[in-house]
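Have a look at it first, then read on.

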Amino acid sequence: MHDVAVVGGGPGGLYAAQLLAAEGFDVALFEEHATSGDPVHCTGVIACEAFDEFNLPRESVLNPLQTVRFFAPSGDTIQYTTAHVEALAIDRLVFDRRLGESAVRAGARISTGQRVTAISVEPRGVRLTLGATGSCLARACVLACGANYALQRRIGLGMPSVFGQSAQLELPVADRGNVEVHFGRTVAPNGFAWVVPIERPAGAFARVGLMCDGDAAHPFRRFLARIGERWSIQVAPDEVPRPRRKMLPLAPIPRTYTDRLLAIGDAGGIVKATTGGGIYYSLVSAAAAVDVLAPALRRDALDARVLRAYETSWRARLGEEIDAQLQLRQVARLLSDGHVDALFELARTDGIMPIVRRTARFNQHRALILALFRHPPARRVLFDHLRGGAPRLAHAAD
C-alpha cells in the first residue's frame with residue numbers, strides 16, 4: 001500500500017508528489033497521457049514571483065511579457081506596459097517534465113499512460129481503478145486530474161457551478177508582437193480572446209486562443225481569421241490544425257475534501273475566475289494540501305474532520321480573491337458591447353489607467369476589481385445594466 005496516490009501529472013499533482021515524497025512518504029502518481037505536459041491546453045503564462053515562491057524550473061521560460069494591447073468591441077485600443085516584467089511565457093512540456101524529474105528525485109514514482117477510471121474510499125484506504133483491470137491502494141489520495149469531474153461527482157464532491165470553453169493553438173508568425181486581449185460578443189461571447197507572443201529557437205510564434213460560453217471552435221476560427229493577416233501567421237488558412245479545446249472551471253467545487261482525499265487545482269475548481277488560469281492556483285492549493293496531509297498521515301488521522309483544514313487553508317489564501325473575481329464575472333456577463341466600449345472610453349479619459357497601474361497584479365485581481373467598483377464613473381458603467389439603460393459616460397464631476 002502506498003502512503004499517497006496522486007491522480008494527474010499536471011503542475012499541481014507533480015508539485016504535491018514532490019513535496020510529499022520529500023517528507024518521506026511513499027508516493028505514486030498516475031498520469032493518463034504518455035507524458036506530463038502533453039497535450040498542452042493552457043496559455044502557459046506565469047508570474048515571475050511564482051518561480052521563487054515554488055522554486056520552479058527557470059529553463060522552461062521562453063520570453064518575458066510586459067506590454068499588452070486591449071481591443072474594445074468597437075476596435076478601439078488601449079496599450080498598457082507594466083513598470084517591470086511581471087509575467088513570463090513558458091514551455092509547458094519542459095515545465096511539466098522538470099517538475100516530474102524533481103518529484104522522481106524526491107522519491108515519487110510516476111506511472112504514465114495510466115488512466116484512473118474510478119475511486120472508492122474504503123476503511124483501510126483509497127482504492128484507485130486503473131484502466132479496465134488494474135488497481136492501486138493508498139492511505140490517502142490527492143486528486144489533481146484537471147477539469148474532469150466524473151470522479152469528483154462519484155465521491156460526492158460535486159462540480160463547479162460556472163464553466164467556460166476554450167480553444168487555443170500555437171502558430172508560427174513572421175514577427176513577434178505584444179500580448180493582445182480582445183473583447184466583444186462577436187469575438188468571444190461572455191469571454192475574451194488573446195494572442196500571446198512566443199519566442200523559440202526555431203523562430204517567432206503566437207499562442208492564439210479564446211474562452212467563451214458554448215462551443216469555442218467557431219469563434220476561434222473567426223478570431224483567427226480576424227488577426228491572421230496582421231500577425232502574419234505562417235500557415236495557410238486551410239492548413240491550420242484543429243485547436244486544443246478545453247472545458248474551463250470558473251468556480252470551486254462545493255467541497256474539496258472528504259475522508260482520505262483532497263482535490264487541488266482545476267480538479268477542485270480552484271482557478272482564476274476572471275481568466276480560467278490555473279497553474280499558480282494549482283501550486284498554491286498543492287502546497288496547502290501537503291501542509292495538511294503530511295501531519296495527518298503521520299498521525300494516521302485521515303478523516304474528513306481533519307482534512308477539512310485543507311479547504312480552510314486554501315480559502316484563507318485565495319477565497320476573497322476568487323469571490324471578487326466571480327463578482328466581476330457576474331457583472332461582465334450582463335454588459336453589452338456598448339458598455340465595454342464605454343469602459344474603454346473611461347480608460348482614455350477618466351482616471352482608470354492610474355487605478356490599473358496602482359492595483360493590477362498578475363496573480364491578484366481583487367484590488368483592481370474593488371477599485372473599479374468604487375470608482376464612480378466606472379461603477380456607473382458597470383452597473384448601468386441594472387437600470388436597463390444604455391451605457392452612460394459619467395465623469396467624476398457629474
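**Before we start**

A residue is called buried under 20% relative accessible area, exposed over 50%, and partly exposed in between (1.4 Å probe, protein chains only). This is a predicted model, where local features need pLDDT of at least 70 and side-chain atom pairs count only at pLDDT 80 or more, while totals for chains, interfaces and linings use all residues. Residues are numbered from 1 along each chain as its sequence is written, and side-chain values use heavy atoms, with hydrogens and water left out.

**Two loop residues**

Asn55 is exposed, with a relative accessible area of 66%. Find Asn55 in the loop between helix H2 (48-54) and strand E4 (61-65); helices (H or I, at least four residues) and strands (E, at least two) are DSSP runs, numbered from the N terminus. The phi of Asn55 is near 55 degrees, a positive value in a residue other than glycine.

Ser232 isn't a glycine either, and has a positive phi of about 50 degrees. Its loop runs between helix H5 (217-231) and strand E16 (244-249). Ser232 is partly exposed, at 32% relative accessible area.

**The cores**

A nonpolar core is a set of buried Ala, Val, Leu, Ile, Met, Phe, Trp, Tyr and Cys residues joined through side-chain atoms within 4.5 Å. The largest one here has 55 residues, and those with the most contacts inside it are Leu20, Val27, Leu293 and Tyr310. Helix H6 (residues 279-299) gives the most to this core, 15 residues. Apart from it there's another core, of 41 residues, including Val45 and Ile369.

Which residues does Leu293 touch, leaving aside its neighbours within four places in sequence? They are Val4, Leu20, Ala140, Val142, Leu262, Leu302 and Leu307, with contact meaning heavy atoms within 4.5 Å.

**H9 meets H10**

The axes of helix H9 (residues 352-359) and helix H10 (residues 366-374) come within 9 Å and cross at roughly 155 degrees. That makes H9 roughly antiparallel to H10: angles under 35 degrees count as roughly parallel, over 145 as roughly antiparallel, 65 to 115 as roughly perpendicular and the rest as oblique. Axes are lines fitted to C-alpha atoms, for helices over the stretch in contact, and angles run from 0 to 180 degrees between N-to-C directions.

On the H9 side, Ile352, Ile355, Val356 and Thr359 meet Ala367, Leu368, Ala371 and Leu372 of H10.

**H7 meets H10**

Helix H7 (residues 304-333) also has its axis within 9 Å of the H10 axis, crossing at roughly 45 degrees. H7 and H10 are therefore oblique to each other.
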